[in-house]
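The following report examines a protein model, moving from individual side chains to the overall fold. Please consult the sequence and coordinates alongside the text.

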Amino acid sequence: ADKIQALIRGYLVRCKSDQNVTLIRARIEMANQRALANPGMTLGALMRVALNTLENSTNLTHITKACMTLELSTRYSETSCQVLVASDAPSILYQLILSLN
């Protein structure tokens, strides 16, 4: 009964929503489809690549891009924040800062 109520409630809300909400919903759906089509572009995948770059790269451009990716992923996902802390990224970042001139 709860599932049916939720479906009907969702349908009614979508029917009453204005054009802006409909456009936003369509953009989110398109982004989800692109992410499913290319799993390497999800926040989780980009974050794993960025963490690997921080651990293994010495190229400043790559490290800067990895830091930008980490900043973006942690801004939009609490799970990314938890993964960042669990992977010991803060200490890696501190070591990188200390190694700078």
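Glu71 counts as partly exposed, because its relative accessibility is 39%, a value that falls between the limits of 20% and 50%. This assignment, like every other value in the report, refers to a predicted model. The side chain of Glu71 meets that of Arg75 in a salt bridge, with a distance of 2.3 Å from N to O. Both residues belong to helix 4, which covers residues 60–76. They are four residues apart, about one turn of the helix. Arg75 has a relative accessibility of 52% and therefore counts as exposed, since the cut-off for that class is over 50%. Side chains of opposite charge can pair when their charged atoms come close. How many salt bridges does a search of the whole structure find? The search returns one.

The charged side chains of the protein comprise 10 positive and 7 negative ones. The centres of these two sets lie 11 Å apart.

Asp88 is located in the loop between helix 5 (78–86) and helix 6. Its phi is near 65°, a positive value in a residue other than glycine. Most residues other than glycine have a negative phi, and most peptide bonds are trans. With a relative accessibility of 45%, Asp88 counts as partly exposed.

Ser91 counts as partly exposed, at 25% relative accessibility. Between Ser91 and Leu54 there are 37 residues of sequence separation, and their C-alpha atoms are 11 Å apart in space. Leu7, in turn, is found in helix 1, which comprises residues 2–16. Leu7 is exposed, with a relative accessible area of 60%. From the C-alpha atom of Leu7 to that of Ser99 the separation is 56 Å, and the two residues are 92 apart along the chain.

The accessibility values discussed above are collected here.

| Residue | Relative accessibility | Class |
|---|---|---|
| Glu71 | 39% | partly exposed |
| Arg75 | 52% | exposed |
| Asp88 | 45% | partly exposed |
| Ser91 | 25% | partly exposed |
| Leu7 | 60% | exposed |

The description now turns to the whole chain. What does the secondary structure of the protein come to? The protein has six helices and zero strands, and its pattern along the sequence reads α-α-α-α-α-α. The radius of gyration of the protein is 20 Å, whereas a compact globule of 101 residues would have a value near 13 Å. Along the principal axes, the C-alpha trace spans about 60 × 25 × 25 Å.

Of the 101 residues, 19% count as buried. The protein exposes about 8,200 Å², and carbon and sulfur atoms supply 62% of that area. Where contacts join residues at least 6 apart in sequence, 40% of them link residues at least 24 apart.

Terms used:
Residues numbered from 1 in each chain as written. Predicted model: local features only at pLDDT ≥ 70, side-chain atom pairs only at ≥ 80, totals over all residues. Heavy atoms only, no water. Helix = DSSP H or I, 4+ residues; strand = E, 2+ residues; numbered from the N terminus. Rg over C-alpha atoms; globule rule 2.2 N^0.38 Å. Buried < 20%, exposed > 50% of the residue type's maximum accessible area, 1.4 Å probe, protein only. Contact = heavy atoms within 4.5 Å. Areas by Shrake-Rupley, 256 points an atom, 1.4 Å probe, with all protein chains shown as cover. Lys, Arg positive; Asp, Glu negative; His and termini not counted. Charge placed at Lys NZ, Arg CZ, Asp CG, Glu CD. Salt bridge = Lys/Arg side-chain N within 4 Å of Asp/Glu carboxyl O.
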